[in-house]
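Thank you all for making the time this morning.

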Amino acid sequence: MMSHAAAALGYEVRANNLSRASENRIHDDAVARRFGFTGALVPGVEVHAYACHPAVARWGRDWLARGTMESRFLKPVYDQTMVQVAAEPQPDGALAIRVESGGVLAATATAALPDEPEAAPLVADFPWHAPPAHADRPEVSEAALAPGLWLGTAPEPMTAQVLADYLAGIGETEPLYAAQGLVHPGLLLRLCNKVLTQNVRLGPWIHVGSAARSLDAARVGEALDVRARILSNEDRKGHRIVELDALVVADAARPVARVRHTAIWRVRGG
């Protein structure tokens, strides 16, 4: 008989495009088809969220407080398709995670629970920069996303309703979040996306991967903001790609996650 822990390593969920009304029109059917996709893309942050399920099923709150996950998005996940998540334990204790949709490998991830938590960086080393007013954002360009620049997001309250809406939106079945008032890692990555969307006017763009390390569990009732430094902005096979070193901070004082966040800000042919 399969143990409960082993059974929890498999997970299936129906993909849901939570960004249908987003300014990023890669999540619109017509625009996505112009770039050769079958239809609107489900955001990478939600694919990452699906991949988190077996890690939380295995390690619980400990993983939300000090776990790691590095995810890479390989192929699109489309709205309302069934997604299968499979996690295989590795000799070093990590989980090798595969996310498939429509019989296609859409993403891979590696999740781990270090024996000791990593020392959190000093918040003072990640200064907060207020984003411009929405109407005053500059058009995206190499200069607007130049390496070395600092960007920030407006503080966002994590209310019980925000959490409940997100859990319902991603079809999350893990009860830990609601029971203990803990913020889902997918919401943290959504905030990392806002480092871009709150600071520049973007055309269609695609989140392609993240390496996230939890520094403490984020909780309902806190306001979260992101402070990020641009590490690189370069051309890769015709795509223009930006990489960010982002710190998610609770109530302007407590670091809860550090994320290396990578996105195509100008799609090849766009």
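What you see is a predicted model, in which local features need pLDDT of at least 70 and side-chain atom pairs count only at pLDDT 80 or more, while totals for chains, interfaces and linings use all residues. Residues are numbered from 1 along each chain as its sequence is written, and side-chain values use heavy atoms, with hydrogens and water left out.

Let me begin with helix α3, residues 44-59, where helices (H or I, at least four residues) and strands (E, at least two) are DSSP runs numbered from the N terminus. The expected span of a helix is 1.5 Å times one less than its number of residues, so the 16 residues of α3 should span 22 Å, and the 23 Å between its end C-alpha atoms agrees with that. Of the 16 residues in α3, 14 are buried, and Cys52 is among the buried residues of the model, at 0% relative accessibility. Just after the helix, Gly60 takes a positive phi of about 65°.

Cys192 is also buried, at 1%, and a search of the whole structure finds zero disulfides, a disulfide being a pair of cysteine sulfur atoms within 2.5 Å.

Turning to charge, a salt bridge here is a side-chain nitrogen of Lys or Arg within 4 Å of a carboxyl oxygen of Asp or Glu, and by that rule the count comes to 12. One of them joins Glu46 to Arg190, with the closest N and O atoms 3.0 Å apart. Because Glu46 lies in helix α3 and Arg190 in helix α7 (residues 185-197), this pair ties together parts that are 144 residues apart in sequence. Glu46 is buried at 0%, whereas Arg190 is partly exposed at 22%.

A second pair is Arg240 with Glu142, at 3.7 Å from N to O; Arg240 lies in strand β10 and Glu142 in the loop between β5 (104-112) and β6 (150-152), so the two tie together parts 98 residues apart in sequence. Arg240 counts as buried at 19%, while Glu142 is partly exposed at 36%. Salt bridges that share partners also join Asp216, Arg219, Glu222 and Arg254 into one network.

Arg66 belongs to helix α4 (residues 61-66), and among its contacts (heavy atoms within 4.5 Å), leaving aside residues up to four places away in sequence, are Leu113, Asp115 and Ser214.

I close with the backbone: most residues other than glycine have a negative phi. Gln80, however, has a positive phi of about 70°, and this residue sits in the loop between β2 (68-73) and β3 (82-89), partly exposed at 38%. Asp251 likewise has a positive phi, near 50°, and is found in the loop between β10 (239-250) and β11 (254-266), partly exposed at 46%.

Notes
Buried < 20%, exposed > 50% of the residue type's maximum accessible area, 1.4 Å probe, protein only.
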